[in-house]
Amino acid sequence: MVENMSGKIVIIGGGFAGQQACNALRRSQEHILLIDPNPGPTMLPALPDLAGGWVPERLVRRPFREILPANVEHLQATVSSIDLDSGTVQADDRTLAYDYLLIAPGSVPNFYDSPFPHEQMHALGTLADARRIRREFEEYLGRTESPHLLVAGTGYTGLELAMSLFFRAKAAGKSCGVTIVDPKPVLLPSLPDRQRRYVLDFLVAQGAEVRLGVAVESFDGRNAVAGGKTYPNVFFCWAAGSKLAVPEIKGRIAQVRDGRLKVAPDLSLPNYPHVFAAGDAAAIERNGQPLRKAVNFAYYGGRRAGQNIARRLRGRPTRPFRPVDLGWVVPFRETSIGRLFGGLWVRGRLGVRLHHLMCGVRNYSFKNFAGCLQLALNPNLGANT
Ligand SMILES: Cc1cc2nc3c(=O)[nH]c(=O)nc-3n(C[C@H](O)[C@H](O)[C@H](O)COP(=O)(O)OP(=O)(O)OC[C@H]3O[C@@H](n4cnc5c(N)ncnc54)[C@H](O)[C@@H]3O)c2cc1C
């Protein structure tokens, strides 16, 4: 049975994009239904640090009930499919009709068709994943004579996680081998050669083995083979890609390879003017390429999508989303690489501090902000969390 919402607006996902849309719609008279399986949002950029035990969990989350505007109701459920032609979403066992929809569920790790036992692989997409990695890595260190970390994927998540866990092992007095593999021939492909060399030199100086052009060929839950070499009794992390978090979307849509939805300049779907997508769910093209997945684009994109829904409700024309790239920083615990607004490169401890600062600025409360600020001033403060 299709349930008609008393209000008309449904938002899927209460991350950076979904929350900003809620805020943009706070003054509308409409009842908004926010569907999200979690009790609150998570500061995803802090997850590699959390997995390594460098950041306390209280700084990366806050319940929706403390932050959502009064006209937003949170339904704790997972959307498994969207039918754009009938205007309905399937949330757990409920079929809900909408008049206006924002698709902002973010992305989830992509295991592709890998036949390896997923339950023994450690992917990092949620708070639960970070908690699990933290717990299981500590157990692994405790019971393993010669620990070895195998990480598939040389994007920022894979490299940050590798270094966070490596330094955790070091802090625990364990010498932990690290192997990072990727079928692609280069790591962090969007970086210029010089900056990439800097990252590679840092990883190698820590003793990491970086094998590019190499895939994991087998993994039985304990031992792995990559590029013909056997790695016994590994702690295996999977950071080889991500995909759209809603598995099925029916309708006349166009998607890029990782499932992101192609959107019009105002973030609506081309054949569905009442449906918008933002954050990791939207493929926003710039110079013929979709923009990278980043907090900044999700934050302002979600806000613009919310404003455009409000404008549609009032019968006014929508406005285009004009993303501004404020830059990025990838922290590796002891050093970093980053590019700030204006093209300025940052490296070393400064980038680590900026990363904590940005986690604070985009955080959900003054208390969380203050905690992140303390970490920015002293990145080792979280070492005993
Ligand atoms: C480990 C990690 C590190 C990162 N580091 C950085 C960084 O340093 N800098 C940076 O700019 N970006 C970083 N990113 C990317 C950045 O976090 C994302 O681009 C951003 O969070 C996207 O915002 P969003 O609102 O689209 O999705 P999210 O913030 O992922 O929020 C999506 C929400 O939707 C909910 N949801 C998921 N599936 C469903 C479903 N089926 N039905 C209903 N709700 C659902 C989730 O519970 C979540 O609350 C990182 C990402 C990860 C995973």
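Which ring does the charged end of Arg362 sit over? That would be the ring of Tyr299, 4.0 Å from its centre (a charge sits over a ring if NZ of Lys or CZ of Arg is within 6 Å of the ring centre and within 35 degrees of the ring normal). This is a predicted model, where local features need pLDDT of at least 70, side-chain atom pairs count only at pLDDT 80 or more, and totals for chains, interfaces and linings use all residues. Residues are numbered from 1 along each chain as its sequence is written, and side-chain values use heavy atoms, leaving out hydrogens and water.

**Charge over a ring**
- Arg347 has its charged end over the ring of Tyr198, 4.0 Å from the ring's centre.

**Aromatic pairs**
- There are 12 aromatic pairs in the structure (rings of Phe, Tyr and Trp, its six-membered ring, pair if their centres lie within 6.5 Å; planes under 30 degrees apart count as stacked, over 60 as edge-to-face and the rest as tilted).
- Phe137 and Tyr140 have ring centres 6.2 Å apart and planes at 25°, so this pair is stacked.
- Both Phe137 and Tyr140 are buried (buried means under 20% relative accessible area, exposed over 50%, partly exposed in between, with a 1.4 Å probe and protein chains only).
- For Phe366 and Phe369, the ring centres are 6.1 Å apart and the planes at 45°, so that pair is tilted.
- Phe366 is exposed, at 67% relative accessible area, while Phe369 is partly exposed at 23%.
- Ring pairs also tie Phe111, Phe219, Phe236 and Trp238 into a cluster.
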